[in-house]
Amino acid sequence: MLINTDDIIDPVQIENKYAIFSTFKNDVVFHRENINTPIFCGGIIKSISQNVYNFKINEHIGYISCKQSPDLTLSTNQIVKIAIINNEKLIAVLPYASYAMKILRLVNPSLNQSIAIVGINFFSILLERLIKLSGANVSLIDSKDISKIMLEFDKEAKKLNGASINTIIYDPLTPKVKEFISNINCRHKIDLNSISVYDKGLNDNNYIKGVKYPYSYIRWDFKRNLEYFLHLIDTKKVLLDFFEVHVIEISQLDEMKRKISEFRENSLILFKLSI
């Protein structure tokens with residue numbers, strides 16, 4: 001959602017330093033939202049307005065923006081402090097973490113609840129690790145071989161001492177997957193295609209302008225979700241050892257498009273800008 005930066009009540013001027021792009025065929029962020037340009041997700045604060053508190057010039061911050069520019073202006077609602085400088089995996093995973101945290105709040109897992117995630121990729125592994133922190137039992141089921149899904153499903157259920165699967169989270173990559181899921185008797189079925197990647201706030205013009213949600217109104221918004229995720233990383237409750245990212249240093253934004261074409265499918269690319 002685009003707004004006039006003059007309307008932001010607590011503007012922060014940012015110098016973009018990092019941008020992420022994925023060539024994964026069914027990437028949950030880029031593929032689903034038809035995003036064909038890198039997403040800027042990390043930078044440095046260059047100036048702040050008098051209405052900005054708890055942020056300082058030259059601080060490293062994380063955010064999500066598709067605007068293709070070396071400079072950016074955002075509200076403090078849309079930025080979070082990055083305490084661990086040069087943690088490139090952390091910066092690269094921010095758009096996916098925001099989406100995963102939104103799904104986590106939607107599922108609202110509880111102790112001993114049984115949840116199955118159909119499809120194994122770096123995003124589903126991230127989601128699995130976040131859900132497990134609640135004490136829920138989580139099973140990752142490979143969707144590549146439809147004929148084996150039911151067998152895997154039953155096998156995982158037995159591992160949970162006979163507990164039935166309460167929730168299935170799936171990405172309908174093929175009609176067969178969707179048909180299979182529709183025939184399973186389960187209380188909750190969550191189709192990732194039905195959930196926007198834009199967390200609470202990012203599709204709200206007032207939030208983007210800097211208007212804060214009262215805690216009693218919305219407990220978890222985009223900023224609070226990302227701050228909690230960063231806390232999990234800082235306290236080592238979630239490790240980022242389940243994916244690889246290619247870091248490419250560039251000096252011009254035009255280089256990104258050319259570099260992307262050089263990468264094969266199923267690559268996660270983090271551009272590091274030295275503009």
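The legends below describe close-up views of a predicted model.

View 1. Thr76 sits in the loop that links strand S4 (71-75) to strand S5 (80-81). With a relative accessible area of 6%, Thr76 is buried, because the limit for that class is under 20%. Its side chain takes part in a polar contact of 2.3 Å with the side chain of Asp10. A polar contact of 3.3 Å joins the side chain of Thr76 to that of Lys212. Apart from residues up to four places away in sequence, Thr76 touches Asp10, Val12, Val52, Phe55, Lys212 and Lys223.

**View 2. His60 in strand S3 and the strands that pair with S3.** His60 belongs to strand S3 (residues 60-65). Strand S2 (residues 39-48) pairs with S3 in the antiparallel sense, over four bridges. S3 also pairs with S5, again in the antiparallel sense, over two bridges. Ile44 is the residue opposite His60, while Lys81 in S5 is the bridge partner of Ile61. His60 is partly exposed, at 29% relative accessibility. Its contacts, leaving aside neighbours within four places in sequence, are Gly43, Ile44, Val80, Lys81, Ile82 and Ile85. Met256 is 196 residues from His60 along the chain, and the C-alpha atoms of the two are separated by 22 Å.

**View 3. Ser65 in strand S3.** Ser65 is also placed in strand S3. The relative accessible area of Ser65 is 8%, so this residue counts as buried. A polar atom of the Ser65 side chain lies 3.2 Å from the backbone nitrogen of Lys67. Beyond residues up to four places away in sequence, Ser65 touches Ile39, Phe40 and Leu72.

**View 4. The nonpolar cores.** The largest nonpolar core contains 77 residues, and those with the most contacts inside it are Tyr96, Ile169, Phe229 and Phe271. Helix H1 (residues 88-107) contributes 13 residues to this core, the most of any element.

**View 5. The surroundings of Ile169.** Ile169 is one of the residues with the most contacts inside the largest core.

**View 6. Helix H1 and the kink at Leu94.** H1 is kinked by about 55° at Leu94, shortly before the proline Pro95. The end C-alpha atoms of H1 are 29 Å apart, which agrees with the 28 Å that its 20 residues should span at 1.5 Å a residue. H1 is mostly covered, with 16 of its 20 residues buried. Asn108 follows H1 and has a positive phi, near 50°.

**View 7. Val28 in the loop between S1 and S2.** Val28 is found in the loop between strand S1 (11-22) and S2. Its relative accessibility is 5%, so Val28 counts as buried. Leaving aside neighbours within four places in sequence, Val28 is in contact with Tyr96, Tyr99, Phe123, Asp171 and Val197. Tyr96 is also among the residues with the most contacts inside the largest core. The C-alpha atoms of Val28 and Ser196 are separated by 9.9 Å, although these residues are 168 places apart along the chain.

View 8. Most residues other than glycine have a negative phi. Asn54 has a positive phi, near 70°, and lies in the loop between S2 and S3. The relative accessible area of Asn54 is 64%, so Asn54 is exposed, because that class begins over 50%. Lys236 is not a glycine either, yet its phi is positive, about 60°. The loop that holds Lys236 runs between helix H6 (222-234) and strand S10 (246-250). At 65% relative accessibility, Lys236 counts as exposed.

Key: Residues are numbered from 1 along each chain as its sequence is written. This is a predicted model: local features need pLDDT of at least 70, side-chain atom pairs count only at pLDDT 80 or more; totals for chains, interfaces and linings use all residues. Side-chain values use heavy atoms; hydrogens and water are left out. Buried means under 20% relative accessible area, exposed over 50%, partly exposed in between (1.4 Å probe, protein chains only). A polar contact is a pair of N or O atoms within 3.5 Å; within protein, one must be able to donate a hydrogen and the other to accept it, and residues adjacent in sequence count only if both atoms are side-chain atoms. Contact means heavy atoms within 4.5 Å. A nonpolar core is a set of buried Ala, Val, Leu, Ile, Met, Phe, Trp, Tyr and Cys residues joined through side-chain atoms within 4.5 Å. Two strands pair if DSSP finds at least two bridges between them. The expected span of a helix is 1.5 Å times one less than its number of residues. The bend at a residue is the angle between axes fitted to the seven residues ending there and the seven starting there.
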